[in-house]
Amino acid sequence: MLEEKKIVHNNHLLTDEILNNCIHCGLCLPTCPTYALTSLEQSSPRGRIRLIRAALDGDQPISKEFIYEMNFCLDCQACETACPAGIKYGSLVETARDLIHQSKKNSLTERILKKFFLTWTFARHERLKFMARLLRWYQTAGPQAVLEKSGLLKLISKKLNTIQLLAPRISKVFTSEVLDEIILPQSEVTHTVVFLTGCIMDVAFAEINEDTIRLLLHHGCKVVIPKGQRCCGSLQAHNGDSEGAREHARYTIELFAQFNPDYIVMNSAGCGAFLKQYGELFDDDPVMRSKAQFISQRTVDVTEFLIRTGFIQSQKKYSTRYAGKRITYHDACHLIHSQKISEQPRELIRSVPGIEYVELPEASWCCGSAGIYNITHIDQSMHFLKRKIENIRKINPDIILMGNPGCMLQMQFGLRNAGLQIELLHTVTFLRRICEA
Ligand code: SF4
Ligand code: SF4
């Protein structure tokens, strides 16, 4: 039985009062992908809140069912957007995962995987780069091609084969290795921005990072890319390691604060959502809390930043490269649900003359990527992806834009399997090309 009916998470008390805010109206149910898949109450946000409530009361042990349901949840936060009572569902489920993590009742395989990825690989950026180089060797020096051609991996394990196909293509060079710490625009400086190079973005999406920096320079920004960056802590927080998350957050806060930026610009939805939460992580430490709030208040998604600083109005010339193209946009969960950013990217895209913008049906329905969910829950993840691909088929676009690397990998995989020749681009890549930045 848990003492005093409370769970401590990131130094927040999840009290009876917070959980009691749920009025059990069920408005969140139609927005929940896991409920849509099973039609089971315990796989819905309302059902999971009841399970957490029971765990808090000591009526529900950290059972297999509890662990399954908390991990089955995508943490997509679509339920948060739908909830009239303002339940912070994302914090609840992350707290429940923290509780599971502390209880050490999750499976041995899961604990080993988490230890290896979250505590070792992502804890130091040099280690992540080392792993990325190994993966690059596997992808480019022949082993992957041999295994694929022979069908051996498929024979050994279908799941393992899917995982290796979902893995990102490692970039030839990493952003953190080639760029100066401070880059000035050719025009007068309008804003000083710190740019987070990210973990996966740095090693597997270096071209998107480059597109983002070029776009920021084109917009008159002095771009600061602090040396020594590491994981912002979001991966740890989403996977139940709140202490690890705080440690990474503390490091990033101290590093970024030195540059006193006007804005901290993100091109990865999950990292942006987490930096915006930094202010809530240090309730027990007033000095750190104030530094964390400074960082959170200045953190913006790149599309949010461009709209706020008059990017559209300042553009004089657009390329006609995509004239006549049918373009749509997919909402990453951590942009639309966590950060409430949906209009800004659409406004930027629609401002480009000559394109045909078309809305994607269920654009905000999770594609099933969800951090490492597509590795830990492959079958369920593929089900969510199938629904996304069916919606894409309905409108048959030439290009799909989005603002999160995880979604890009997942959807690339889905389109390839479905035999669809549709270009996938990050919104910044599209804008950079259009502006010829
Ligand atoms: S919408 Fe909000 S209040 Fe209603 S059941 Fe879902 S979580 Fe509870
Ligand atoms: S976060 Fe997503 S998957 Fe989890 S309960 Fe909410 S809507 Fe369902």
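**Sheets, domains and ligand surroundings in a predicted model**

Asp262 is partly exposed, with 16 other C-beta atoms within 10 Å; on this scale a residue is buried if 20 or more other C-beta atoms lie within 10 Å of its own, exposed if 12 or fewer, and partly exposed in between, with C-beta atoms placed from the backbone. The structure is a predicted model, in which local features need pLDDT of at least 70 and side-chain atom pairs count only at pLDDT 80 or more, whereas totals for chains, interfaces and linings use all residues. Residues are numbered from 1 along each chain as its sequence is written, while chains are lettered from A and ligands numbered from 1 in the order in which they are written.

Asp262 is located in the loop between helix 16 (242-257) and strand 6. Helices (H or I, at least four residues) and strands (E, at least two) are DSSP runs, numbered from the N terminus. Not counting residues up to four places away in sequence, Asp262 touches His191, Thr192, Val193 and Arg298, a contact being defined by C-beta atoms, placed from the backbone, that lie within 7 Å. Asp262 and Arg298 are 36 residues apart along the chain, and 6.5 Å separate their C-alpha atoms.

Two strands are taken to pair if DSSP finds at least two bridges between them. Axes are lines fitted to C-alpha atoms, for helices over the stretch in contact, and angles run from 0 to 180 degrees between N-to-C directions. Within the sheet, strand 4 (residues 191-195) and strand 6 (residues 263-266) run parallel and are joined by three bridges. Phe195 has Val265 of strand 6 as its bridge partner.

Val203 lies in helix 13 (residues 200-204). This residue counts as buried because it has 25 C-beta neighbours inside 10 Å. Apart from neighbours within four places in sequence, the contacts of Val203 are Leu128, Lys129, Ala132, Ile170, Ser171 and Phe174.

A further open sheet consists of four strands in the order 9-8-10-11, with parallel pairing. Strand 9 (356-357) and strand 11 (423-426) each have a single partner strand, so one side of each is left without a neighbour in the sheet. Strand 8 (residues 326-329) runs parallel to strand 10 (residues 399-402), to which three bridges join it; Thr328 is partnered by Ile400 of strand 10. Helix 22 (residues 343-350) lies across strand 8, strand 9 and strand 10 at about 170° to strand 8, whereas helix 26 (residues 427-435) lies across strand 10 and strand 11 at about 90° to strand 11.

An automatic or database domain assignment divides the chain into domain 1 (3-106), domain 2 (115-166), domain 3 (175-308) and domain 4 (314-435). The centres of domain 2 and domain 4, taken over C-alpha atoms, are separated by 25 Å. Contacts link five residues of domain 2 with five residues of domain 4.

Ligand 2 is surrounded by 14 residues, the closest being Cys32, Pro45, Cys73, Cys76 and Cys79; a residue is counted if its C-beta atom, placed from the backbone, lies within 6 Å. Helix 2 (33-38), helix 3 (45-57) and helix 5 (78-82) each give two or more residues to this shell.

Notes:
Contact = placed C-beta atoms within 7 Å.
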